[in-house]
Amino acid sequence: MDERQLRILRELGELGSVTAVAEALLVTPSAISQQLRLLQRAIPVPLTERQGRRLVLTDAGQALAGAAIEVETALARARHAVEGFVERPEGEVSVAAFHSAAAAFFPPLIGALSGPGKPVPRLADEDVPQEDFPRLTREYDIVLAHRLDHAPPWPRTVAATTLLREPLDVAMPADHPLAAKRRVTPRDVADEPWITVHDGFPVLAVIEAVAAAAGRRLDLAHRINEFAVVAEVVAAGGGIALMPRWTVRPHPALVLRPLSGVQARRHIDALYRPERTARSAVRTVLTELRRAARDIQREDPA
């Protein structure tokens, strides 16, 4: 039995005929009769009987119709509870992000959501290969993920809001000979030792594109995912690296130079399951993430 069948039984007891129930519920009499037959199959005793041309409830039917009132009342309370939860502006919203996005987005998010009547962010860092980001939406309301500009879109199991399309520049010590150039090409940087990410992370595909454009293999001297560590290694003379233009804190000993000849840009996307945005609190957090993204990009002097 289901809620609709119980309601039909209750209405039959009150209105006295299948036709009247059909008119009240805006369906056909045959649809009402079909639902009554389906309900009867689940009950071992008759629920209705004929009295002349009328179909009336038996004692068992009246008992079940009375219980149907309690069921509808409980379901109404449940719906009101859910509606209250969905529309409540406050409440916890879990957000995960890879490291550089976390450093850029988490502080303004905390600042924007401080105070009463606002969502409570629960933040976590998740540094995973690109293909694993959609799975994280099972655990978190919102996941900040990155992919290259020309990479395939995220699977249809998740919704995605692009926050930034961020250039990836070549980071080098400020006194490096290439620092005098306004832009560098794959041939300029092909003979340098490189610091890059582990396999499976988007930046590596740009490194491979640089090698292809230069027509030679690159010296991948170090594998480090955390850009703050990469910056220190570059500053110490350990090599050059691709680094995001906006979401990594500037290092005083480094300069960033745009890379010509290859597509060197990543998307920072907010991934989420569409049903999560039914909650007002989740929608508020997405709005604040978009606002933070505009502020991050606005700070670029270029």
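What follows is a set of questions on labels and the values behind them.

Visitor: What kind of model is this?

Guide: This is a predicted model.

Visitor: Why is Gln-5 called buried?

Guide: Its relative accessibility is 7%. Buried means under 20%, so Gln-5 counts as buried.

Visitor: Where is Gln-5 found, and which residues does Gln-5 touch?

Guide: Gln-5 is found in helix α1, residues 3-15. Leaving out residues up to four places away in sequence, Gln-5 touches Gln-35, Leu-38 and Leu-39. Two of these names return in α3, where Gln-35 and Leu-39 are among the buried residues.

Visitor: How do you know that the span of α3 agrees with its number of residues?

Guide: Helix α3 covers residues 29-41, which is 13 residues. The rule takes 1.5 Å times one less than the number of residues.

Visitor: What puts the buried residues of α3 on the same side?

Guide: The buried residues are Ile-32, Gln-35, Leu-36 and Leu-39. They cover an arc of only 100° around the axis, so they lie on the same side of α3. The face turned away from that buried side carries the exposed residues Ser-30 and Arg-41.

Visitor: Which residues of α2 are buried, and what do they pack against?

Guide: Val-18, Val-21 and Ala-22 are buried in α2. Their arc around the axis is only 100°, which puts them on the same side of α2. The buried residues of α2 pack against α1, α3 and β2 (54-57).

Visitor: What makes the phi of Leu-26 worth a remark?

Guide: Most residues other than glycine have a negative phi. Leu-26 is not a glycine, yet its phi is positive, about 60°. Leu-26 lies in the loop between α2 (18-25) and α3.

Visitor: Why is Leu-26 called exposed?

Guide: Its relative accessible area is 76%. Exposed means over 50%, so Leu-26 is exposed.

Visitor: Why is Leu-163 called buried?

Guide: The relative accessibility of Leu-163 is 10%. The cut-off is under 20%, so Leu-163 counts as buried. Leu-163 is in strand β6, residues 159-173.

Visitor: Which residues is Leu-163 in contact with?

Guide: Setting aside neighbours within four places in sequence, the contacts of Leu-163 are Phe-105, Leu-144, Ile-268, Asp-269, Ala-270, Leu-289, Arg-290 and Ala-293. There is also a C-alpha to C-alpha distance to give: Leu-163 and His-267 are 7.5 Å apart in space and 104 residues apart in sequence.

Visitor: How many cavities of 30 Å³ or more are there?

Guide: The count comes to two. Rolling a probe the size of a water molecule over the atoms shows where empty space is left.

Visitor: What lines the largest cavity?

Guide: The lining includes Phe-98, His-99, Asp-127, His-146 and Glu-226. By class, the lining has five nonpolar, four polar and two charged residues.

Visitor: How does the lining of the second largest cavity divide by class?

Guide: Seven of its residues are nonpolar, one is polar and none is charged. Among them are Ile-195, Thr-196, Ile-207, Val-230 and Leu-242. β7 (193-196), α7 (203-214) and α8 (227-235) each supply at least two residues of this lining.

Notes
Residues are numbered from 1 along each chain as its sequence is written. This is a predicted model: local features need pLDDT of at least 70, side-chain atom pairs count only at pLDDT 80 or more; totals for chains, interfaces and linings use all residues. Side-chain values use heavy atoms; hydrogens and water are left out. Helices (H or I, at least four residues) and strands (E, at least two) are DSSP runs, numbered from the N terminus. Buried means under 20% relative accessible area, exposed over 50%, partly exposed in between (1.4 Å probe, protein chains only). Contact means heavy atoms within 4.5 Å. On a 1 Å grid over the protein atoms alone, a cavity is a set of points where a 1.4 Å probe fits but cannot get out, and a pocket is an open set with protein on both sides within 12 Å along at least five of seven lines; lining residues have an atom within 4 Å of a point. Grid points are joined across faces, edges and corners, and a volume is the space filled by probe spheres set on the points. Ala, Val, Leu, Ile, Met, Phe, Trp, Tyr, Cys and Pro count as nonpolar, Asp, Glu, Lys and Arg as charged, and the others, Gly among them, as polar. The arc is that of the directions from the helix axis to the C-beta atoms.
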